[in-house]
Structures are given as structure tokens and as C-alpha cells.
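Biologist: I am new to this structure and would like to learn how to read its features. Could we take them one by one?

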Amino acid sequence: MPKLVDHERRRAELLAATWRVIRARGVEGTTTRAIADEAGCSLSVLAHFLGGKDDILVAAQTAVYQRIVTRAFGLGGDLSGLAALRAALDAVLPLDEERTADAHVNVAFAGAALSSPRLAAARRDSHREIRELLRVCLREAREGGELRPGVEDDDVIDDFIIFVEGSTLLSLVDGWAEEGRGERLSRLATAFVGQLGAPGPPATPPVV
């Protein structure tokens, strides 16, 4: 009787193997043979599930972004508004092994996208999804009276993406992680969200 294969599970395993190879070799050094060896499968099996090299790289780029998005916006439970925005920052900044591994792959793909129109298009698609999810957080914050006057959604979303991408690059390439600056990233994230908030009521003067 032929062996049944869970297609989505096998595909996920092959994508995970692709990410491991990219972290070890970079995108330019990644080959289909290296991915197949890492996954413990044949080239024909790899091609069956993911296609050729360009298809594999685009799928891996899209999947790592989806993994990051799911962690940032799918695990917030009952959080909404600015609390959800703050939780999203915690979920994507490279502050532990899992988040750093995903960030490493993201940075590798960012560099490769400079010379690959398909990868660049995949990143733009992923950014559009992130922008819409951030827009939901800001709409909730505005409806709940959390935002200070004059906050522009597109400006906040641009700043969010710049902060995450820049922090990732500094942590992985310039050695911030090794220098123990993770706590500083958390403080910056708190400050980023805090400056969006509406001013609270004036403090009640003490009774003399």
C-alpha cells in the first residue's frame, strides 16, 4: 500500500530546511542540493513539493514572513489597539533564539531581493499584509481614544517597519545582540508605542 504523505506538513519541513541552509550559507550560497541534503530527501522530492530554486526561495521568503506575522498578530489573544501594537513589536524584534533565527533569514532575503525581482515582489506583498494588520491596530486604538491627536496611520506604519528592519540589521550584522542591547530594543519599543498615546488627565494635586 503506498505511503500517504501529509503535503502541507512535508512542504513546511522542506521550507524549514531551506531556512536553515540560508542561515548557514546565505541566499547566494543556497543550492537545491544543499536543501535536499538538509531535508534528507531527493532533488525530485524537493522539486515535487516546492519547484525549482527560484520557486523555493520565493516560497521560503513568503513563509518566513507569514511565520513572523502569525507570531506578531495571531498570538495576541484579546489584545487590541496600542497593546496589540506593542505585543507585535515584542514578537518580531530579535530578542530570543527563535525570533533571531527568523530575523536572520529575513535579513538574508532583504539583501538578495536587491538583485531578484521575484524576491523583491514577494517582500512587497508581505509588507502590504503587515501594513493592513498594523492599520487594524491603529483603528482600534483610535476608536478607543488611545491615540494622541494628529497621528497619521501611514507615518506610524512606516516608522514601525523601519524600526523593526533597522533593529534587526543592527542586531545581526553590527553585533547588538552580542553586546547585550536587547533590553535597549525593548525600551525603544515601549517608547515608540508610548509616544502615540493620547495625553492622560492632569494629575490631581495633593490635598494639603
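Predicted model: local features only at pLDDT ≥ 70, side-chain atom pairs only at ≥ 80, totals over all residues.

Biologist: How is a pair of aromatic rings described?

Modeller: Two values are used, the distance of the centres and the angle of the planes. This structure holds two aromatic pairs. In one of them, F160 and F192 are edge-to-face, at 6.5 Å centre to centre and with 65° between the planes.

Biologist: Which helices hold F160 and F192?

Modeller: F160 is in helix α8 and F192 in helix α9 (residues 182-194), so the pair ties together parts that are 32 residues apart in sequence.

Biologist: How are the rings of F163 and F192 arranged?

Modeller: Their centres are 6.1 Å apart and their planes stand at 20°, so the pair is stacked. F163 belongs to helix α8 and F192 to helix α9, so this pair ties together parts that are 29 residues apart in sequence. F160, F163 and F192 form one aromatic cluster.

Biologist: Is F160 buried or exposed?

Modeller: Buried means under 20% relative accessible area. F160 has 5%, so F160 is buried. F192, with 12%, is buried as well, and F163 is also buried.

Biologist: Why does T168 count as buried?

Modeller: The relative accessibility of T168 is 2%, so T168 counts as buried. T168 sits in helix α8 (residues 153-173). Apart from neighbours within four places in sequence, T168 is in contact with P94, A103 and V107.

Biologist: At what angle do helices α5 and α7 pack?

Modeller: Helix α5 (residues 81-92) and helix α7 (residues 117-143) pack at about 150°, and their axes are 7 Å apart. On the α5 side the contact is made by G81, L82, A84 and L85, and on the α7 side by L134, C137, L138, E140 and A141. By type, the contact residues are seven nonpolar, one polar and one charged.

Biologist: How many cavities of 30 Å³ or more does a search of the whole structure find?

Modeller: The search finds one. The largest cavity holds about 200 Å³ of space. It is lined by 18 residues, and those closest to its centre are Y65, I68, V92, I130 and V164.

Biologist: Which helix gives the most to the lining of the largest cavity?

Modeller: Helix α4 does, with six residues. The helices α4 (53-73), α6 (97-113), α7 and α8 each supply at least two residues of that lining. The lining of the largest cavity divides into 11 nonpolar, three polar and four charged residues.

Key: Residues numbered from 1 in each chain as written. Heavy atoms only, no water. Axes fitted to C-alpha atoms, helices over the stretch in contact; angles between N-to-C directions. Helix = DSSP H or I, 4+ residues; strand = E, 2+ residues; numbered from the N terminus. Contact = heavy atoms within 4.5 Å. Nonpolar A, V, L, I, M, F, W, Y, C, P; charged D, E, K, R; others polar. Buried < 20%, exposed > 50% of the residue type's maximum accessible area, 1.4 Å probe, protein only. Phe/Tyr/Trp six-rings, centres within 6.5 Å; stacked < 30°, edge-to-face > 60°. 1 Å grid on protein atoms, 1.4 Å probe; cavity = no way out; pocket = protein on both sides within 12 Å on 5 of 7 lines; lining within 4 Å. Points joined across faces, edges and corners; volume = space filled by probe spheres on them.
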